[in-house]
Amino acid sequence: TAEVLLLSASPEQILTGKTIALGLVGLLQGVGWVIITYLLFTLGGMTFRLPGSVTLPPEFLIGAAVLFLLGYAVYASLYAGAGAMVPDWRQAKGASLLIILPALVGFEIGIVSEDPHSLLMVITSIFPLTAPMVMIKRLLSGGVPLWQLLLSGVLMTATAYWITRAVARMFHAQNLLSGQPFSVRRYFRALLGRATN
């Protein structure tokens, strides 16, 4: 399969196809959960309502959607790059943990931190690999300065662009057909465009 792909598509096309496929699967899963939740509430005779004290302003909904899309672009590209470097499914677990670790750290910081405007929360809400999780918590709390939100978005966009370009370079015969086991060193060397011996 890899040989056919290498002969019939460019690295950018391969990466775009992988990213879109992952996105469609994730979207399908999300839609499925929404439908199941709605049906369970409907069949149970309940209606789903937020408590009266909870409001979701339009700024939050728009910000969360943008952060989700940018975060998805960053992490889907990282996963696609790891997929190019992992010869079998058993080694995919280690690669997945390596990639998801910053997101988990951001999630934990968002849960543990009580002050949404502390220095740690501000830094992690701007850092591209933790921003999708931490900035959403800060947006829920309110009072996020517009410049921080814009800076976070710009940095995430630049990171997604850089990672996509770097991962597209990984999609060549040396990496896809090597059969070498996954290693963190080899992954980062390929991501930075260095030889992957």
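This is a predicted model: local features need pLDDT of at least 70, side-chain atom pairs count only at pLDDT 80 or more; totals for chains, interfaces and linings use all residues.
**Entry 1: the core**

I started with the largest nonpolar core, which has 16 residues. Those touching the most other members are Leu-15, Val-74, Tyr-75, Leu-78, Ile-99, Ile-163 and Val-167. Helix 3 gives the largest share, 6 residues.

**Entry 2: the whole chain**

Next I stepped back to see what the chain is built from. I counted 9 helices and 0 strands in the protein chain. Read from the N terminus, the order is α-α-α-α-α-α-α-α-α. How much of the chain counts as buried? For the 197 residues, the figure is 31%. I looked up the contacts too, taking those between residues at least 6 apart in sequence. Of these, 68% join residues at least 24 apart.

**Entry 3: helix 4 and helix 6**

Then I picked a pair of helices to look at. Helix 4 covers residues 92–112, and helix 6 covers residues 131–141. Their axes come within 7 Å and cross at roughly 20 degrees. Angles under 35 degrees count as roughly parallel, so helix 4 and helix 6 are roughly parallel to each other. Is the crossing left-handed or right-handed? Helix 4 passes helix 6 in a right-handed crossing.

I wrote down who makes the contact. From helix 4 there are Ala-103, Gly-106, Phe-107, Gly-110 and Ile-111. Helix 6 brings Met-133, Val-134 and Lys-137. Sorted by type, the residues of this contact of helix 4 with helix 6 come out as 5 nonpolar, 2 polar and 1 charged.

**Entry 4: helix 5 and helix 7**

My other pair was helix 5 (residues 119–126) and helix 7 (residues 146–170). The axes of these two come within 8 Å, with a crossing of roughly 40 degrees. That makes helix 5 oblique to helix 7.

Which residues meet here? On the helix 5 side I noted Val-122, Ser-125 and Ile-126. On the helix 7 side I noted Gln-148, Leu-151, Ser-152 and Leu-155. The contact of helix 5 with helix 7 divides into 4 nonpolar and 3 polar residues, with no charged ones.

Key
Residues are numbered from 1 along each chain as its sequence is written. Side-chain values use heavy atoms; hydrogens and water are left out. Axes are lines fitted to C-alpha atoms, for helices over the stretch in contact, and angles run from 0 to 180 degrees between N-to-C directions. Helices (H or I, at least four residues) and strands (E, at least two) are DSSP runs, numbered from the N terminus. Angles under 35 degrees count as roughly parallel, over 145 as roughly antiparallel, 65 to 115 as roughly perpendicular and the rest as oblique. A crossing is left-handed if the near helix is turned anticlockwise from the far one by less than a right angle, and right-handed if clockwise. Contact means heavy atoms within 4.5 Å. Ala, Val, Leu, Ile, Met, Phe, Trp, Tyr, Cys and Pro count as nonpolar, Asp, Glu, Lys and Arg as charged, and the others, Gly among them, as polar. A nonpolar core is a set of buried Ala, Val, Leu, Ile, Met, Phe, Trp, Tyr and Cys residues joined through side-chain atoms within 4.5 Å. Buried means under 20% relative accessible area, exposed over 50%, partly exposed in between (1.4 Å probe, protein chains only).
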